[in-house]
Amino acid sequence: MAGVAATRQARSLDGNSIQICLEAARAALDDAGMTIDEVDGISARWPGPGGTVFGPGSVDWTAVLGKGFDWVGDTYPQGAPGLLDAAGAILAGQCSTVLVFGGRAGESGGAAGLRVPSGHTGRVAAYTRPENEFTSCWGSLTAAQFALVAQVYLHRFAPDPERMALVPATIRNAGSANPAAVMYRRGPYRPADILASPPVAEPFRLLDLCLATEGAAAMIVTSVERARDCPSAPAVVLGGGSEWYRQQYVDPPRYDDVARIGAGAYRRSLAMASLRPGDVDVFELYDINTFEVVRQFETLGFCGEGEGVDYLAEAGIGLDGRHPTNTDGGLLAYSHAGWGGPTLKIVEAVRQIRGTAGPSQVPGAEVALVTGAGSGAQYHNAALLAADR
């Protein structure tokens, strides 16, 4: 990768999603020292208005950007899958440089927020309650889908609540120390604060769950040879993989079906890179909730099923721990900007590899693992990035 960028992240932003996405795209091009004329591939969900009724609709960006493209990636235009699709297209000779971007703005207020089920107050982001079979019609939302899996885990293994709450407290404290994070200076958090927060979807409390914010992120994917001519230090894609069990948020997930989802993707990713899990210096994991962080470390093979809470409490996931995790505050405290959220993971991973992550920098970080989605969504993905040595 030759360039990455993230816009300002906030609970809500002025303007609209097209504007914020373009801001991220231009900033990533600037980071790579490129112009849009050098880009011949695109992967970016069209946020509307107008355009195709078929998602993701990356081709709709051609009119706004004023050019056509040799390759368009519409499978999953964000995060690790967007990166891997772009890298595959470049290796196959379909294009040479791909712009991947996404985000949202001007959507959090008014009618854009859906009311929560009767008897409760507040609103939830529209994308957390998709109009899918057996989801919105019953008042379900994404947090509840993940809760179905987490409930079984807690019933079977009964991890210590305070030790488990140490996971979100640590990640949220990273966000509290990050001036770019939505939750900047909202800490410090203790496990007791997590456990005292209001219940949302059993077993999740408010501070167990990710944010629903606004902002955008972008990345420029190109060949290693081209990236070496760019002004910013390149990040090399060493490996990656995905697993797709079922369509997200349609049929409710079952623990025994999805508890280990991602194990194969991790295995393939590490094999491509000739690495072991212990070779990873920094983890930018999809922390949509507390349980998913624990589950991913178990699935990576650092410990056995049901042992993740104790393992992480002893190993540590802060900057001074054995496994620095979500160094920018993650989805829990930095931002989850809808279709920009998974790409934010890659932005932080690249900054860590470059050594430009500021106060959240992990000393000597050379290998980063990025993940996306998880058990409740019934698919998972991963990518390994490294410094160009």
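# A first look at the fold

Me: Is N326 buried or exposed?
Reply: The relative accessibility of N326 is 0%. Buried means under 20% relative accessible area, exposed over 50%, and partly exposed in between (1.4 Å probe, protein chains only). So N326 counts as buried.

Me: What kind of model is this?
Reply: Residues are numbered from 1 along each chain as its sequence is written, and side-chain values use heavy atoms, with hydrogens and water left out. Local features need pLDDT of at least 70, side-chain atom pairs count only at pLDDT 80 or more, and totals for chains, interfaces and linings use all residues, for this model is predicted.

Me: How many helices and strands are there?
Reply: Both are DSSP runs, numbered from the N terminus: helices are H or I with at least four residues, strands are E with at least two. The protein has 13 helices and 13 strands.

Me: What radius of gyration does the protein have?
Reply: This radius is taken over C-alpha atoms, and the globule rule is 2.2 Å times the number of residues to the power 0.38. For 389 residues, a compact globule would come near 21 Å. The protein agrees with that, because its radius of gyration is 19 Å.

Me: What share of the contacts join residues at least 24 apart?
Reply: A contact means heavy atoms within 4.5 Å. Take the contacts between residues at least 6 apart in sequence. The share joining residues at least 24 apart is 73%.

Me: How many residues of α10 are buried?
Reply: Helix α10 covers residues 290-300 and is mostly covered. Its buried residues include F291, E292, R295 and L300.

Me: Which residue caps the N-terminal end of α10?
Reply: Look at the backbone nitrogen of F291. A side-chain oxygen lies 3.1 Å from it. That oxygen belongs to N289.

Me: Which residue follows α10?
Reply: The residue that follows has a positive phi, near 95 degrees. It is G301.

Me: Where is T327 found, and which side chain makes a polar contact with its own?
Reply: T327 is in the loop between α11 (308-315) and α12 (330-334), and at 4% relative accessibility T327 counts as buried. A polar contact is a pair of N or O atoms within 3.5 Å; within protein, one must be able to donate a hydrogen and the other to accept it, and residues adjacent in sequence count only if both atoms are side-chain atoms. Leaving aside neighbours within four places in sequence, T327 is in contact with several residues, including A174, V282 and V362. At 2.7 Å, the side chain in polar contact is that of E348.

Me: Which backbone nitrogen lies 3.4 Å from a polar side-chain atom of S176?
Reply: S176 is in helix α5 (residues 161-176). With 12% relative accessibility, S176 counts as buried. The backbone nitrogen is that of R186.

Me: What is the omega of the peptide bond from G187 to P188?
Reply: P188 sits in the loop between α5 and α6 (191-196). The bond is cis, with omega near 5 degrees.

Me: What phi does Q378 have?
Reply: Q378 is in the loop between β12 (367-374) and β13 (379-387). Q378 is buried, with a relative accessible area of 0%. Although Q378 is not a glycine, its phi is positive, about 65 degrees.
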